[in-house]
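Here are my notes on the model you asked me to look over. Have it open as you read.

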Amino acid sequence: MATAEHVNNLIKAHIDHDEEKFKTVVLQIAAYEAKHGHETFARELKQHAEKQREIFYD
């Protein structure tokens, strides 16, 4: 599970419309989850981050 700091940073990035920060935090959560053995969830988060990138940068 993401830390409280991760959740707080995600919310702040969303409110600030900071897509780059949002993606960064999602990838930080993915790394955290992978480190804790949650490989499937980490992979899903990475896919979501890439999808978000495609939406905003294509």
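Predicted model: local features only at pLDDT ≥ 70, side-chain atom pairs only at ≥ 80, totals over all residues.

1. Residues are numbered from 1 along each chain as its sequence is written, and side-chain values use heavy atoms, with hydrogens and water left out.

2. On confidence, the protein chain has a mean pLDDT (the predictor's confidence in each residue, from 0 to 100) of 90, and 90% of its residues reach 70 or more.

3. The fold is quick to describe: three helices and zero strands, in the order α-α-α along the sequence. Helices here are DSSP runs of H or I, at least four residues, and strands are runs of E, at least two.

4. Of the 58 residues, 24% are buried (under 20% relative accessible area; exposed is over 50%, partly exposed in between, with a 1.4 Å probe and protein chains only). The chain's accessible surface (Shrake-Rupley method, 1.4 Å probe) is about 4,400 Å², and carbon and sulfur atoms hold 57% of it.

5. Have a look at Ile 11, in helix α1 (residues 4–15). Ile 11 counts as partly exposed because its relative accessibility is 45%. With Val 7 and Ile 15, Ile 11 forms a nonpolar surface patch of about 270 Å² accessible area together.

Methods:
Patch = residues over 30% accessible without salt bridge, like charges linked within 9 Å, V, L, I, M, F, W, Y side chains within 5 Å. Salt bridge = Lys/Arg side-chain N within 4 Å of Asp/Glu carboxyl O.
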